[in-house]
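Please look over the following model before reading on.

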Amino acid sequence: MNILIVDDDIVDRELITRTLRRSNISSDITGVESVDEALEQLKKMEFDAVLLDYNLPKRNGIELLVELRNAHERHDVAVIMMSTSKDDELALNCINAGAQDFLVKTEINVFRLQRAIVNSHARADLEKRLYQSYQHTKELAEQDSLTGISSRYHFDESLSNDLKSNERNKTTLALLLIDLDHFKYVNDNYGHDIGDSLLIEVVNRIHGCLRGNELFARLGGDEFAITLTNINSANNATHVAQRIIDALSEPFTIDNHIISSAASIGISISPDDSVNPKELFKYADIAMYKAKSKGRNQFSFFEEAMQVEFLSNFHIENQLKEALKNKHFKLHYQPVMDPKTQQLTGVEALIRWEVDGVAISPDKFIPIAEKSRLIFDIGQWVIEQAIRQLSNLNLDHSQSITMAINLSAVQLTNDSVIDVIHDCIKQYSVDANLIEFEITETALIVEPEKTVQIIQAISDLGCKISLDDFGTGFSSLSHLHSFPIDIVKIDKSLMPSYFSTEKVKRFRSLGQ
């Protein structure tokens, strides 16, 4: 066993050496007189135990102890503090500083010294293993197990520290939140293994867009964060965001699957937007959703107007929950007329909502309902009310009329809509052929494989499917063949001017 004695009193040092020689411990002993000499020896060779006098010239023993404990690789060295003082508080201070034991010099004998060395060495070994376990746990907590980049925990800790440093140094920091577009579609259609492989490839490409000194973290799922510190201006964040978008524009090849991916990026700036980590994160999140609402595959900076919009949307979301709970919605029924006979052939159910006597436009609250997934419950209420009303209307008419009901793209990603329609048809004894579900072309490109399954299932129930506003954005005649579409409602922008009248309500097609 290699033992280092640190004591400036040569008599005490020789006394301890002779005591060690009489013990059962086989040892190679080195003696030094100061903290600096001890540190030099500890750099040159490995010691199993250090017998350290508290009272040393220039620097006392605790200073050496602190340096040893701050050097993470030296957690296996057993340190026994020694002093002529019997003060309990001194002994406690030494133990708290990291010593494994404390000996009063006048009480040292072979038995006590031998026991102290053996026990201290065992305690130091245990502490080393505990430290290694702590380091391993810390690494697991700080590192994302899938991608190897920083975890959410490490990101939160680092962002707080970076913002404090940023404030002290009067520098600028940018926070980028990255969310992959339609990643759920990849998991649902290719499986989670392919999804995980895609995340790893995405991380590799993003790494290629960075300098290497940024904090790059996976927050969970398909959401990532990057902090850019000590930047000159917001333009630095612009360049990084654009490089990431460009890098992700090329399709990925994973297990012979060609997968396209894109990202929406939200950016907030400190100190311009906030110096508070939670606020800065919230603002970047708002900006990221703004990028998604603008069409995805782009980046957006946070602006104060976004915060106003966010709070307004949050308020509307809460009001929607209350309206759903208390059934405050109404359905208005727009008549559909035969342009030749001027006879009523059907109606279209249109949801309406008022708050304190003020009408809230569906264009305003439907996107919020979709984002919050309240659209599922709202949509169920609309389907139940509309089919019940259709049953009542046809009791009073000799000729059956039809009912058109709108379905959002989000509703077409949830199988429960099929059960709701089926149960309502059965409950109200309505001919399914009289029910028409309107979808938009946008719905056909969101999770298309899932969408076509649900649309086909609705069609199999006997209901008609109509494509609304054909020609307004993603027009493709292939949709008429890829989906079971019975009716096409052509937008007036595609119609000759002499057709642009209120009399033109719909064009019917058999998909031919």
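This is a predicted model: local features need pLDDT of at least 70, side-chain atom pairs count only at pLDDT 80 or more; totals for chains, interfaces and linings use all residues.

Contact here means heavy atoms within 4.5 Å. Residues are numbered from 1 along each chain as its sequence is written, and side-chain values use heavy atoms, leaving out hydrogens and water.

**The position V382**

- V382 lies in helix α13, which covers residues 375-395; helices (H or I, at least four residues) and strands (E, at least two) are DSSP runs, numbered from the N terminus.
- With a relative accessible area of 10%, V382 is buried, a word that stands for under 20% relative accessible area, whereas exposed stands for over 50% and partly exposed for values in between (1.4 Å probe, protein chains only).
- The C-alpha atoms of V382 and K330 are separated by 8.8 Å, although the two residues are 52 residues apart along the chain.

**The parallel sheet and its helices**

- Five strands form an open sheet in the order β2-β1-β3-β4-β5, with parallel pairing, where two strands pair if DSSP finds at least two bridges between them.
- The edge strands, β2 (28-32) and β5 (101-104), each pair on one side only.
- On average, neighbouring strands of this sheet are turned by 20° against each other, direction ignored; axes are lines fitted to C-alpha atoms, for helices over the stretch in contact, and angles run from 0 to 180 degrees between N-to-C directions.
- Strand β1 (residues 2-6) and strand β3 (residues 49-53) run parallel and are joined by four bridges, and L4 stands opposite V50 in β3.
- Helix α3 (residues 61-70) lies across β1, β3 and β4 (78-83), and runs at about 170° to β4.
- Helix α4 (residues 88-97) also packs on the sheet, where it touches β4 and β5, and its direction makes about 150° with that of β5.

**Backbone features in loops**

- A cis peptide bond, with omega of about 15°, joins S270 and P271, and P271 is found in the loop between β11 (263-270) and α10 (277-293).
- N256, in the loop between β9 (252-254) and β10 (257-259), has a phi near 70°, a positive value in a residue other than glycine, and counts as exposed at 77% relative accessibility.
- Q342, in the loop between β13 (329-337) and β14 (344-355), has a positive phi near 60° and counts as partly exposed at 44% relative accessibility.
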